[in-house]
Amino acid sequence: MRHHAVQLNFRDGSSRYGVLREDAVLSSAAFGWSALYFEHRREQALETVEHVMQEHYLMVKLNPASRARRVLDGVACRETQQRGSTAYVPNGCSHRVQYDGQLGSLHLMTLRPELVEAVAQELNISQ
């Protein structure tokens, strides 16, 4: 199904809005950061269409008690998220998520694959 998924680039406002449907409370978009993108989001509910991440994605939950259904590369799982729970989605991975009830607050970050590759090379870690 990957070929039907929407491409999600968090650095592109229309791409981000097309998947998330709401703007972030705060974001790093105006700062011109090249290696890292950051958002603080606060949402009542969230259900995304299937999308493919263009960068590595990390989400950190800020408030307790959320339940979600997540599909990563076609594999479905149920999550119970608490304060400090994380979700990682590598670039190129198809992804879809639906929260059962209120999502609450979270931080999300994306990292350019080139940054991760450069760090791995510098640390002499083979990929």
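Both glutamate 43 and arginine 41 are buried, where buried denotes a relative accessible area under 20%, exposed over 50% and partly exposed the range in between, computed with a 1.4 Å probe on protein chains only. Their side chains form a salt bridge with an N to O distance of 2.6 Å; the term requires a side-chain nitrogen of Lys or Arg within 4 Å of a carboxyl oxygen of Asp or Glu. The model is predicted, so local features need pLDDT of at least 70 and side-chain atom pairs count only at pLDDT 80 or more, whereas totals for chains, interfaces and linings use all residues. Residues are numbered from 1 along each chain as its sequence is written, and side-chain values use heavy atoms, with hydrogens and water left out.

Across the whole structure, 8 salt bridges are found. One of them joins the side chains of glutamate 55 and arginine 112 at 3.6 Å, N to O. Glutamate 55 belongs to the loop between strand E4 (51–53) and strand E5 (56–61), and arginine 112 to the loop between strand E10 (104–111) and helix H2 (113–122), so this pair ties together parts that are 57 residues apart in sequence. Helices (H or I, at least four residues) and strands (E, at least two) are DSSP runs, numbered from the N terminus. Glutamate 55 is buried at 7% relative accessible area, whereas arginine 112 is partly exposed at 32%.

A further salt bridge links arginine 69 and aspartate 100, whose closest N and O atoms are 2.8 Å apart. Because arginine 69 lies in strand E6 and aspartate 100 in the loop between strand E9 (94–99) and E10, the pair ties together parts that are 31 residues apart in sequence. Arginine 69 is partly exposed, with a relative accessible area of 35%, and aspartate 100 is also partly exposed, with 29%. Elsewhere, salt bridges with shared partners join Arg16, Glu39, Arg41 and Glu43 into one network.

Strand E6 (residues 66–72) also contains serine 66. This serine 66 is buried, with a relative accessible area of 1%. Apart from residues up to four places away in sequence, serine 66 touches Lys61, Glu79, Thr80, Gln81, Tyr99, Gln102 and Leu103, contact meaning heavy atoms within 4.5 Å. With the side chain of lysine 61, the side chain of serine 66 makes a polar contact of 2.7 Å. Such a contact is a pair of N or O atoms within 3.5 Å; within protein, one must be able to donate a hydrogen and the other to accept it, and residues adjacent in sequence count only if both atoms are side-chain atoms.

The nonpolar interior comes next. In soluble globular proteins, nonpolar side chains tend to be buried together. Here the largest nonpolar core has 18 residues, and those with the most contacts inside it are Phe10, Leu46, Met53, Tyr57, Met59, Tyr99 and Leu108. Helix H1 (13–20), E5, strand E8 (86–89), E9 and E10 each supply at least two residues of this core. A nonpolar core is a set of buried Ala, Val, Leu, Ile, Met, Phe, Trp, Tyr and Cys residues joined through side-chain atoms within 4.5 Å. Tyrosine 57, leaving aside neighbours within four places in sequence, is in contact with Phe10, Ala87, Tyr88, Val89, Leu108, Met109 and Thr110.

Backbone geometry remains. Aspartate 73, in the loop between E6 and strand E7 (75–81), has a positive phi near 45 degrees although it is not glycine. Asparagine 124, in the segment after H2, likewise has a positive phi, near 60 degrees. Aspartate 73 is partly exposed at 43% relative accessible area, while asparagine 124 counts as exposed at 71%.
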